[in-house]
Every structure is written in structure tokens, then in C-alpha cells.
Amino acid sequence: MKLTFKGGIHPYEGKELTMDKDVIEYVPKGDMVYPLSQHIGAPAKAVVKKGDRVLVGQLIAEAGGFVSANIHSSVSGTVKAVEPRLTASGSKVNSIVIENDNQFEEIEYVKNDKPLAELNREEILEAIKNAGVVGMGGAGFPTNVKLSPKNADEIDYIIVNASECEPYLTSDYRRLLDETDKVIEGLRLALAIFPKAKGIIAVEDNKPKAIQKLKEVLGNDPDIKVNSMKTKYPEGAERQLIYANTGRYINSKMLPADAGCIVHNVDTVYSICEAVRQGKPLIQRLVTVTGDAITEPCNYLVQIGTSFAELIEAAGGFLQDPEKIIAGGPMMGKAIYDLNIPVTKSSSAILCMTKDEVSEYEPSNCIRCGRCVEVCPGRVMPNKLATLAEQGDLEEFQKLNGMECCECGCCSYVCPAKRHLTQTIAGTRKAILANRKK
């Protein structure tokens with residue numbers, strides 16, 4: 001029986017466009033932009049000013065609090081400005097702008113070749129913190145903070161989320177195939193922090209080559225196992241991933257650590273290895289540039305700060321003008337209206353579609369078919385919650401567990417009436433969370 005959860009959907013995958021192509025290392029040409037908020041928590045604080053010369057790997061902004069992250073330059077050049085710049089969220093964020101001199105002069109990194117048994121917890125966490133590593137699956141939670149839970153002795157599992165269930169995305173898959181050893185070493189380093197934790201690398205069964213290679217490299221490793229999960233969206237959502245692999249349940253009021261688990265993205269554990277072993281800060285990531293509007297879809301190894309426009313040009317530009325461009329995947333990504341935005345630590349993909357299918361349909365009245373309830377991984381009633389949201393009934397919305405919605409988009413995807421269920425519920429959830437902070 002395949003590991004999975006109740007609910008979920010099977011959208012068109014679109015992964016065949018890029019999954020079997022070699023990764024291309026893209027060398028940026030233009031100015032680089034580094035938003036000071038590339039992570040959950042307090043913005044980083046700039047430690048450079050206009051006119052300063054910087055090198056590849058140099059610290060340009062330091063963490064602005066406990067939940068924050070350092071930012072490093074991915075090119076050598078001169079600081080042009082520290083000013084607000086547009087990001088994929090649609091808002092302007094204070095950013096460091098560096099004029100790329102295309103010399104790529106680099107600082108000297110300090111490697112650490114100590115045997116794993118000789119590395120202590122503080123040493124590992126400090127290296128991760130200094131490198132500015134954050135969750136690279138989208139959330140951007142500072143990794144050193146995630147690896148410092150209050151109940152460290154109660155952590156049983158560190159799960160590497162290698163499901164990559166979002167359609168079209170294949171960067172994690174390529175990382176698993178091309179950098180298997182470093183992904184595993186990153187997991188081992190994370191496991192070394194916790195006295196009794198075991199590792200799980202959770203991969204959907206539509207990636208048999210990755211599963212096979214991981215098992216070959218690991219052999220009979222007693223501390224790490226590879227789990228093959230049923231291919232289904234949103235198998236990679238944190239709550240669903242934990243349930244599928246451990247049988248443990250968490251809700252919106254809990255953290256994974258409350259269930260004895262810590263979850264990391266594939267690229268995050270790779271970056272842990274780079275930080276601890278090579279002394280390298282997080283200045284690169286894999287980005288999938290894809291969609292039926294792209295001439296040559298591919299995965300690119302990208303310097304953080306690179307413009308989306310440059311990456312699309314590198315992929316051959318547009319076959320035809322896209323109706324919709326999304327930062328991320330089609331289910332949970334954000335539609336963007338300007339390509340002059342930078343790749344950040346949490347940028348996973350640029351998806352360019354010739355048709356905007358969502359805008360083609362006019363929502364109609366609910367026909368009470370129950371499909372949204374059937375597919376909801378949060379086990380709530382999206383049809384009812386959306387109606388309460390439209391009526392502004394926040395009290396009843398919360399009574400019906402509206403805060404348990406993970407905004408995965410399954411309900412909107414299957415709704416025959418084309419109601420904007422996810423967007424409506426998400427807006428109300430945000431309003432409730434904002435009220436709670438007052």
C-alpha cells in the first residue's frame with residue numbers, strides 16, 4: 001500500500017518538459033537585486049551602502065532578529081542603491097541593488113572536513129545560520145531556527161520533502177539525481193543535532209530513478225530510509241507529508257516539532273551540506289523555467305538576485321506571448337505582472353502559460369455536488385466556508401475549522417461551478433490572523 005493521505009487531486013503534471021534535461025548553470029549579466037525580506041521573520045539589515053565594492057559570498061545584510069536570515073552577494077560588483085524593489089509577491093521590498101561587474105571575484109570559504117561524530121550541535125547550527133540557509137520549498141523559514149526546537153530530545157524524524165507534488169516543477173528531482181551524496185550528507189548533518197532522530201527521504205512514486213539512486217547510495221543505512229509515496233497533490237504539504245510518513249497528525253495550531261518531526265525541502269538539506277562542509281553561503285538555487293509559452297524549458301542553476309527576465313531570455317524567450325506568468329507552480333504560485341523581479345531564496349519556478357484558464361470561466365452558484373469536500377486534504381467543507389467568508393461571518397467560519405485550510409487549491413480545481421473557493425477562504429483566514437495580532 002502506497003503512503004498517502006485522504007483527499008487530494010491528480011492535475012496534469014507537466015514535468016516531462018524539464019525532468020530529463022541536464023541543469024544549465026546560468027551566469028547573470030545585469031544588475032542583481034537582493035530583497036531584505038527573503039524569509040519569514042524580521043527583514044535582514046543591510047551592512048553595505050551605496051558605492052561599496054563586494055565579492056561573491058560576502059555578507060551584505062545580517063539577520064534582523066532571532067527569526068531572520070543573513071543575505072550574501074552572489075556576484076562581485078558595486079552597490080548601486082538600497083531601495084524598495086518589486087518582488088514576486090507584488091509588493092515593493094527594501095532591497096540591495098548591486099551592479100554586476102561580471103568578474104565573479106569570490107571570498108575564501110572555510111571548509112570543515114571533520115568526521116560527523118566530531119561535529120557538535122552548536123558548530124552545525126552556527127554554520128547554517130552564518131550561511132543564511134532558509135526553507136527553499138517556498139516558506140523561507142530560517143533553517144537554524146527550525147533546527148532549534150524547544151523539545152529537541154523529542155524529535156523522532158527529520159523528513160526530507162522530496163515529493164515535489166506541484167505540477168511542472170522538477171528542480172528538486174534534478175537535485176536528487178545530480179547531487180545525491182550532498183543531499184544525504186545534509187540530512188546526516190541535520191540528524192546529528194538530535195540524539196534519537198531518524199531520517200526519511202519521502203519521494204513520490206513518479207520519480208523511480210531518484211528513488212532507485214537514493215536507495216543505492218544509502219544501502220542498508222540504519223538511520224535513513226527512502227519512502228515511496230503515492231503520486232498525488234498536495235502530497236508535499238507539511239501536514240499531509242507527516243501523516244503519510246509517520247501516521248501523526250498536526251493541525252494549524254501545531255508545529256511539526258509538536259509531533260516529533262522536522263521537515264526540510266531537498267534544496268534546503270543540500271544547502272546545509274554546502275554551508276557546513278564547504279563554508280558556502282546560500283547564494284544559488286535551482287529554478288525551473290517552464291510552461292507551454294517557453295521556447296526551451298529547463299532547470300537553471302541561478303545566482304540569487306538574478307532577474308526573471310534574464311532567465312526567460314536564457315530559455316529562448318517566449319514561443320508566443322503568455323496570458324499568465326506564475327512565480328512558482330500553478331496550484332500555489334503567485335501570478336506576476338512584471339518580469340523585472342529577482343530570484344530569491346524561495347524562488348522555485350517561473351511558469352509561463354499561453355492560456356489563463358482561470359480567467360476563462362465565470363463562477364456560478366454552488367450545485368452542492370460535494371466534490372470540494374471529497375478532495376480537501378484538510379477535511380473541511382470549502383463550499384460552506386467560502387459562503388461564510390462571503391457573508392463576513394468570521395465566528396461561524398472559525399467554528400467550522402476554517403483555519404485548517406492549507407490553501408492548496410484542490411477545491412477550486414475540482415469545482416464544476418468554478419467558484420474561487422481557495423482565494424475566498426484564504427482572504428478570510430488572513431483577516432482573522434491579522435485581527436488576532438492586534
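Predicted model: local features only at pLDDT ≥ 70, side-chain atom pairs only at ≥ 80, totals over all residues.
**Helix 11 and helix 14**

Two packed helices are described by the angle between their axes and the distance between the axes. Helix 11 covers residues 382–391 and helix 14 covers residues 421–437; their axes lie 9 Å apart and meet at an angle of about 55°. That angle makes helix 11 oblique to helix 14. The crossing of helix 11 and helix 14 is left-handed.

On the side of helix 11, the residues that take part in the contact are Pro382, Asn383, Leu385, Ala386, Ala389 and Glu390. On the side of helix 14 they meet Leu421, Thr424, Ile425 and Thr428. Sorted by class, this contact has 6 nonpolar, 3 polar and 1 charged residues.

An α-helix has 3.6 residues a turn, so residues three or four places apart point the same way. Which residues of helix 11 are buried? They are Pro382, Asn383, Leu385, Ala386, Leu388 and Ala389. The cover over the buried residues of helix 11 includes helix 10 (371–375), helix 12 (394–399), helix 13 and helix 14. Just after helix 11 comes Gly392, with a positive phi of about 75°.

**Helix 3, helix 7 and Asp267**

Helix 3 contributes Asp172, Arg175 and Leu176 to the contact, and helix 7 contributes Val266, Asp267 and Tyr270. By class, there are 3 nonpolar, no polar and 3 charged residues in the contact of helix 3 with helix 7.

Asp267 belongs to helix 7, which spans residues 266–278. Is Asp267 buried or exposed? Asp267 counts as buried, because its relative accessibility is 1% and the cut-off for buried is under 20%. The side chains of Asp267 and Arg175 are joined by a polar contact of 2.6 Å. When neighbours within four places in sequence are left aside, Asp267 is in contact with Met136, Asp172, Arg175, Arg285 and Leu286.

**Backbone positions in loops**

Most residues other than glycine have a negative phi, and most peptide bonds are trans.

| Residue | Phi | Relative accessible area |
|---|---|---|
| Phe104 | about 55° | 28% |
| Lys418 | about 55° | 30% |

Phe104 sits in the loop between strand 8 (92–100) and helix 1 (121–130). Lys418 is in the loop between helix 13 (410–414) and helix 14, and helix 14 is also the partner of helix 11 in the packing described first. Phe104 is partly exposed, and Lys418 is partly exposed as well.

Which residues does a cis peptide bond join? The bond lies between Tyr233 and Pro234, with omega of about 0°. Pro234 is located in the loop between strand 11 (224–229) and helix 6 (238–246).

Conventions. Residues numbered from 1 in each chain as written. Heavy atoms only, no water. Axes fitted to C-alpha atoms, helices over the stretch in contact; angles between N-to-C directions. Helix = DSSP H or I, 4+ residues; strand = E, 2+ residues; numbered from the N terminus. Parallel < 35°, antiparallel > 145°, perpendicular 65-115°, else oblique. Left-handed = near helix turned anticlockwise from the far one by under 90°. Contact = heavy atoms within 4.5 Å. Nonpolar A, V, L, I, M, F, W, Y, C, P; charged D, E, K, R; others polar. Buried < 20%, exposed > 50% of the residue type's maximum accessible area, 1.4 Å probe, protein only. Polar contact = N/O pair within 3.5 Å; in protein donor to acceptor, adjacent residues only side chain to side chain.
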